[in-house]
Amino acid sequence: MSQQQQLQSSALAMQDNMIDELAAGVGRLKHQSQLIGEEGRMHVRLLNEMDVDVERATVAFQEEAKHAERARHQTSVKKLYSIIAGLSLLLLFLLSVGFS
């Protein structure tokens, strides 16, 4: 075998090794890209679930706000002051009867 053939064989062997290393690197990249894709899909699913939870919480908050508004309208401040005044008068009457 001539020196030129040996150089060609050596160059081909080196190219084969480089191709094998490149193929292994491509395989690792494929695996990593699949993992990243799975993680991305998991994040999308979690975000969708969170969106549903936020929507439920928003609806519940709006219902509670409506309930509080109804309660506020049903109980007027004047009514509360009149109850306080009546109870104060009752307290004074009971105190005067108790000390007599």
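In this predicted model, the side chains of Arg 45 and Glu 49 meet in a salt bridge, with a distance of 3.2 Å from N to O. The two residues both belong to helix H1, which covers residues 3-74, and they stand four residues apart, about one turn of the helix.

Side chains of opposite charge can pair when their charged atoms come close. The structure holds two salt bridges, and the other pairing joins Arg 56 to Asp 53, where the closest N and O atoms are 3.5 Å apart. Arg 56 and Asp 53 also both lie in helix H1, here three residues apart, which is again given as about one turn of the helix. Arg 56 is exposed, with a relative accessible area of 57%, whereas Asp 53, at 43% relative accessibility, counts as partly exposed.

Looking at charge over the chain, one finds 10 positive and 12 negative side chains, and the centres of these two sets lie 16 Å apart.

Ile 19 is found in helix H1, and because exposed means over 50% relative accessible area, its value of 52% places Ile 19 among the exposed residues. Ile 19 and Leu 7 are separated by twelve residues in sequence and by 18 Å in space, taken from C-alpha to C-alpha. Asp 16 lies in helix H1 too, and with a relative accessible area of 45% Asp 16 is partly exposed. From Asp 16 to Lys 30, a step of 14 residues along the chain, the C-alpha atoms are separated by 21 Å.

What does the secondary structure of the chain come to? The chain has two helices and zero strands. Helix H2 takes in residues 77-99, and Val 97 lies within it. Val 97 is also one of the residues in a nonpolar surface patch of about 670 Å², which is made by Leu 80, Ile 83, Leu 87, Leu 90, Phe 93, Leu 94 and Val 97.

Taken along the principal axes, the C-alpha atoms of the chain fill a box of roughly 135 × 30 × 15 Å. The radius of gyration of the chain is 41 Å, whereas a compact globule of 100 residues would have a value near 13 Å. Of the 100 residues in the chain, buried residues make up 1%. The chain exposes about 9400 Å², and carbon and sulfur atoms supply 64% of that area.

Definitions and conventions. Residues are numbered from 1 along each chain as its sequence is written. This is a predicted model: local features need pLDDT of at least 70, side-chain atom pairs count only at pLDDT 80 or more; totals for chains, interfaces and linings use all residues. Side-chain values use heavy atoms; hydrogens and water are left out. Patches are made of residues with over 30% relative accessible area and no salt bridge: like charges are joined within 9 Å, nonpolar side chains (Val, Leu, Ile, Met, Phe, Trp, Tyr) within 5 Å. Accessible areas come from the Shrake-Rupley method with a 1.4 Å probe; for residues, only the protein chains shown count as cover. A salt bridge is a side-chain nitrogen of Lys or Arg within 4 Å of a carboxyl oxygen of Asp or Glu. The radius of gyration is taken over C-alpha atoms; the globule rule is 2.2 Å times the number of residues to the power 0.38. Buried means under 20% relative accessible area, exposed over 50%, partly exposed in between (1.4 Å probe, protein chains only). Lys and Arg count as positive and Asp and Glu as negative; His and the chain ends are not counted. The place of a charge is taken as NZ of Lys, CZ of Arg, CG of Asp or CD of Glu.
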